Amino acid sequence: MHNSVQNRFLAIVCGALLLFVAPLFVLFLFLSSERADKEIRDHISVLLVANAQALAKPLWDLDDDSVAQISATVVSQGAIVKVQVRDQSGQLDVTQSTIPKSFRGELIQVSRAIIYNTVDGPKNLGTISVFYPALGLFGGLKHEEIVFMAIFVFAVLTVFSAALIGNRIFVIRPLMRLIAAIEATGQLGSRHHVDWRSNDEMGRLASSFNEMQSKLESEERELKLAHRRAIDIYDLTPAMLFSLDEENRITAVSDYWLFATGYLRRDVIGKRFIDLVTAETRDIFLDRNTRSDSAAASGVTVKFICANGRLMDVLILESKAATGGHDLLSLSVMTDVTELKASEARNHQQAISDHLTGLLNRQGFEAVLDRKIHQADQTGNELACLFVDLDRFKWINDNLGHAEGDNALREFVERLKMHLAPSDEAARLGGDEFAILLPAKDAVRRATAMAEQIASVFHDPFGSDLHLSASVGIAIYPHHAMNAAELLQKSDMAMYAKKRDGKNGAQLFDNSMLDHARARAEIETCIETGLSENWFDAYLQPIVNLNGRGIAGFEALMRLNHPQKGLMAPADIIEVAEETSRIVRVGNVIMEKAISHLARISRLPGMQDSYLAINFSPLQFEAALPARLASLLGRHGIRPERIVVEITEAVLMHNNPEIRTIVGEIRRFGCRIALDDFGTGYSSLSYLNRFPVDIIKVDQSFTRSINDANEGVRQKSRTLVESITTLSHKMGCAVIAEGIETEDECRTLHDMGLDFGQGYLFHRPRMPIA
């Protein structure tokens, strides 16, 4: 570690020698070896030329002695260690060698042919081969070259040693002193200085280090003072402060934290904080950093266990910060929010509860419905949703007052609760609408039994002889719906289907209800498009005098002429328009067009005094209706007495003072009032006394039954019609029979004293001729 700089310097110098000096040295040896080898080859080449000539005659004569003598002379020359002479015929093979037995090196062979000039010309008699040892890198060095190399190596080593000594004195020594000062500072905790002075870079480094040490020493004194002050503030602050390390162990707590929780400092320091939190909120605390921005304070609310076992809801705000080497890794503030959480729970319960009955409201029910569906998926159960609507509840509010209606709702809920199991959930969705959730293995059977129990709660009257009933729609998850919204929607559809079928009972959802819902939605679309595209028009059906068959007036009937479907059934359109409150807009369009048609008809001969009867829904009796009607009549120049406003029993049953006032204004304006469909529903003679009625219209069901084949039905129907006619005439009201289709019906009604009639016998509704 201490010699790392020196070792690196040594490695750099050695690397430089290997990269630059060593290659030059090797190159020098290689060139010397090549030169020496070339000199030997040149010398051997001369010897071979001379000795090949000398061996020609002895080899021709096969003189072994002469050949051996010449070979011995050659092998003694210079670097040659072996000579071999052979003739072409193989009869003579002389070898001379001076190679010691211990020689293991490589021999290089050089050969030359022996040529003898005869009378027949030159003849190749054989070859002479000489061998000499191969030279190594150092084998070819001369004395002068060895001396030069020794001087070169000495110079390189001298420079290398000087560099190492200089590096040791001027670099390593000050660095060692600097390291010693740093290590002493780390081990002893005091700021040591470096004793080194020079004008070079190492001197400036030592001077800068000493200045830094002095500055850090001063800052440490200030930090210690600030730390002492921070500790005092930490302990004296009237807040529950605590600090945690990276393993969520408590490293410090404030005095107020100890006072509020009842613990002793020695008992909690080093303890894991999650051990002081209830098991169900530990995961919330451990996940606090993943659910918030790590750069900002993270807040979680958990249940804290005090020393005496008391549970305390606490809000913990934790801030992470650089600690500068201190062992506190975080600062957290713990606030007691027990009362706040209790208040939030109460507010939440109030937000999801119905204030009148104590049941869940729609918001709470939707949350519970999602949870119940999830539980049903986990347990493999079914879930029945019962949509309950009280029949004729609006009549109680309108006639007996809202206080009586509220009492009836509370009484119904008290009776209902006696039939609910702990796993069931009930809610008041609004007004007189309720929903019940029933988890079960066989949800249809359980829902059917609950519907019977709901019906049983209405056996006894509510209050003073006040009888109610309920229409119940049932839908089952997952058979009828795949999610919460669809389950509630389909149970609502089933309830409305029961309402249409006569109320007071239960209806299980089936897919035909979807067809009805789609048809209803299609009608809604046609109504809205018809209003914007002018598809609505007023058809007029004449009303004739039964005595003479002359036209006395017309009834305006709503028709919607669809571009593709043609004329649509008016009853369905009126029903949907009233349910969606579009009947006001539709009624205004029909009223305006009907009055416009009457103005055109009035120009025909004999039609100047004919009247126009217009049907009005209860929703159309707005404060602006009399003024709108007067404006239309003034625009078309029609006298008010030629307008008959037809109202139904539904308008009278509202018993709404505002409606009575509007009807009175229309009557004072000069228009006449007709009571339509008299004799059906809850018709009461008191209506004729309370409302300024001018015309009574007998319902067409009586018209059809006055000539019924059953004598009993026929006699009763005629008695009722005659009674209605007599009473109406005594009260100054004209009587009109609706739905006359045969001459027998017309004749019988005329004989019974009715004044007017309308029906397919006389005229069908149609557009007036322009």
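This is a predicted model: local features need pLDDT of at least 70, side-chain atom pairs count only at pLDDT 80 or more; totals for chains, interfaces and linings use all residues.
Rolling a probe the size of a water molecule over the atoms shows where empty space is left. When the whole structure is searched in this way, 1 cavity of 30 Å³ or more is found, and the volume of this largest cavity comes to about 30 Å³. Its lining is made up of Pro-174, Leu-175, Leu-178, Val-194, Met-202, Leu-205 and Ala-206, and the elements that contribute two or more residues to that lining are α4 (143-188) and α5 (201-236).

Next comes a stretch named in a database record. An unreviewed UniProt entry lists residues 226-283 as "domain: PAS"; in the model, the end C-alpha atoms of this span lie 36 Å apart, and its secondary structure is 47% helix and 16% strand.

The residues of α10 that are buried are Gly-364, Phe-365, Val-368, Leu-369, Lys-372, Ile-373 and Ala-376. Viewed down the helix axis, these buried residues fall within an arc of 165°, and therefore they line one face of α10. Gln-363 and Gln-378, by contrast, are exposed on the other side of the helix, where exposed means over 50% relative accessible area and buried means under 20%.

Terms used. Residues are numbered from 1 along each chain as its sequence is written. Side-chain values use heavy atoms; hydrogens and water are left out. On a 1 Å grid over the protein atoms alone, a cavity is a set of points where a 1.4 Å probe fits but cannot get out, and a pocket is an open set with protein on both sides within 12 Å along at least five of seven lines; lining residues have an atom within 4 Å of a point. Grid points are joined across faces, edges and corners, and a volume is the space filled by probe spheres set on the points. Helices (H or I, at least four residues) and strands (E, at least two) are DSSP runs, numbered from the N terminus. UniProt positions are given in the numbering used here, feature names are shortened, and annotations may be inferred rather than shown by experiment. Buried means under 20% relative accessible area, exposed over 50%, partly exposed in between (1.4 Å probe, protein chains only). The arc is that of the directions from the helix axis to the C-beta atoms.
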